[in-house]
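Subject: Structure handover

Hi,

Here's the structure I promised to pass on.

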Amino acid sequence: MNEFDGVDEAGPTGRIDLHGLDARTLVVHPGETVRVTYPPGDASGTRPPTILPPRSPHVGPARAMRDGRRSPTGAPTPRPSGPPPNIVSAPQQFNTHDLFVDMRPIVDQRLFCKVEGMNFAGSVKLKAAASMVEAAEAAGQLNPWSIIVESSSGNLGVALAMVSANRGYRFICVTDDRCNPQTRRLIETYGAEVHVISVPHPETGLLGARLEYLRGLCDRDPDTVWLNQYENPANAGAHYATTAPSIARAVPGLEVLFVGAGTCGTLMGNARWFKRHRPDVKVVAIDVEGSVSFGGPAAPRHIPGLGMGMTPPALDRSLVDDVVIVPETETLRMCQRLAMRGFLFGGSTGTVVAGATRWLARNAHPDTLAVTLAPDQGERYLDTVYTPAWREQHYGTAAHLSRPHRLPDPAADSD
Ligand SMILES: Cc1ncc(COP(=O)(O)O)c(C=O)c1O
């Protein structure tokens with residue numbers, strides 16, 4: 001074994017002659033040691049030597065790692081660069097504005113899905129919740145004794161429970177029995193109350209019954225403040241201010257935007273922005289069968305998020321270029337298809353992706369560039385959308401989904 005330590009007098013980059021082997025140029029900082037080890041019995045030899053990284057005689061690797069100058073492999077750690085860390089003091093201060101899933105490998109269309117569920121409330125409704133509370137505070141409607149009350153199918157309830165906990169308000173969420181049990185528990189975990197309505201109003205259904213109950217709460221207690229997501233301009237305003245411009249920025253060649261319709265806050269905020277700033281972009285609403293929002297007949301619906309049992313007060317039909325109505329069984333199939341590619345999304349994402357692919361197949365060229373929104377993630381739907389018994393209970397045989405995976409063949413493994 002032939003070893004030597006040396007530093008070339010040329011300074012930081014030194015050339016070391018390896019006795020006829022490849023001459024290699026190493027970066028050597030002043031005072032650092034280069035260690036070259038020849039394979040045993042090959043001092044003059046033909047096989048290349050091992051060259052260990054430069055080592056400083058003054059700073060050991062552990063110290064250098066602690067100081068951030070070395071990676072665990074000994075290579076110099078790159079200087080930190082890029083955006084500064086996201087540091088928040090309130091959960092509603094964090095959101096993701098630039099995450100899109102490329103749906104091309106899954107649906108074979110140029111469809112990109114903007115992910116809205118990557119925040120502390122887990123859904124698109126964080127934007128509406130934060131914006132409505134902020135607006136109420138700015139208008140002097142909230143004081144430390146205020147009790148925020150709201151009707152929600154679940155996600156707004158979670159977001160408002162989180163924001164209310166952070167801002168120090170009591171919160172009562174009025175929901176109905178379509179709200180997932182896990183979502184109810186989440187709302188309660190933030191210290192809020194959940195009132196579940198299970199008897200529909202004879203004419204206006206479960207939503208009508210929820211609103212009637214809410215009005216009763218407000219009449220009885222002067223400390224209650226109903227934010228009223230169905231009519232509050234801060235709901236759509238949040239999407240006008242953030243969602244739409246971030247889509248336009250990220251996808252400059254956008255041609256069609258598909259937006260699911262619940263209260264129509266997301267739909268109207270986006271539609272208003274695009275009609276004003278990018279009128280060339282078509283805005284297509286996606287609704288669920290059984291919802292009356294776009295004039296269809298009312299029918300039972302089981303997946304929360306999209307659809308309404310009354311005409312949404314916020315809806316301005318003149319801003320919407322087209323509408324696609326999706327049966328919930330199509331929602332289930334698309335949710336499973338996405339999950340089998342590793343994307344576990346909530347029910348309404350299945351609906352909007354199913355509706356968007358159907359519309360694109362009928363109305364667009366293969367290279368039409370489109371975006372839709374994924375309002376939340378799938379974990380809240382494990383006991384419903386992703387459970388065969390639940391699907392069977394609500395949709396019967398129509399909910400039988402084809403076998404998702406080809407499982408490994410045990411016979412093939414045995415030989
Ligand atoms: C999962 C999910 N998708 C879609 C929506 C619809 O959003 P918007 O009320 O803005 O129409 C909601 C609203 O609660 C939702 O929870």
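Predicted model: local features only at pLDDT ≥ 70, side-chain atom pairs only at ≥ 80, totals over all residues.

**The ligand site**

I started with the ligand. It is surrounded by 19 residues, and the closest are N155, G262, G305, S348 and P375. Two helices give two or more residues to that shell, namely α4 (155–167) and α8 (265–277). The largest share comes from α8, with three residues.

Where does the ligand lie relative to domain 2 and domain 3? Domain 2 (96–120 + 235–399) and domain 3 (125–226) both contribute residues to the shell, so the ligand lies between them.

**α7 with α8**

The axes of α7 and α8 come within 7 Å and cross at roughly 55°. An angle between 35 and 65 degrees is neither roughly parallel nor roughly perpendicular, so this pair counts as oblique. The crossing is right-handed.

On the α7 side the contact is made by N235, A236, G237, A238, H239, Y240, T243, A244, P245 and A248. From α8 come G265, T266, M268, G269, N270, R272, W273, F274 and H277. By class, that contact has nine nonpolar, nine polar and one charged residues.

**α3 with α7**

α7 (residues 233–250) also packs against α3 (residues 125–138), at an angle of about 115° and with the axes 8 Å apart. Parallel, perpendicular or oblique, then, for α3 and α7? They are roughly perpendicular to each other, because the range for that label runs from 65 to 115 degrees. α3 passes α7 in a right-handed crossing.

The α3 residues in this contact are K127, A128, S131, M132 and A135, and they meet A234, N235, G237, A238, H239, T242 and T243 of α7. The classes here come to five nonpolar, six polar and one charged.

**α4 with α5**

Last pair: α4, which also gives residues to the ligand shell, packs with α5 (residues 181–189) at an angle of about 15°, their axes 8 Å apart. That makes α4 roughly parallel to α5. The crossing of this pair is left-handed.

In this contact G157, V158 and A161 of α4 meet T183, L186 and I187 of α5. Four of these residues are nonpolar, two are polar and none is charged.

That's what I have for now.

Cheers

Conventions. Residues numbered from 1 in each chain as written. Axes fitted to C-alpha atoms, helices over the stretch in contact; angles between N-to-C directions. Helix = DSSP H or I, 4+ residues; strand = E, 2+ residues; numbered from the N terminus. Parallel < 35°, antiparallel > 145°, perpendicular 65-115°, else oblique. Left-handed = near helix turned anticlockwise from the far one by under 90°. Contact = placed C-beta atoms within 7 Å. Nonpolar A, V, L, I, M, F, W, Y, C, P; charged D, E, K, R; others polar. Near = placed C-beta within 6 Å. Domains from an automatic or database assignment.
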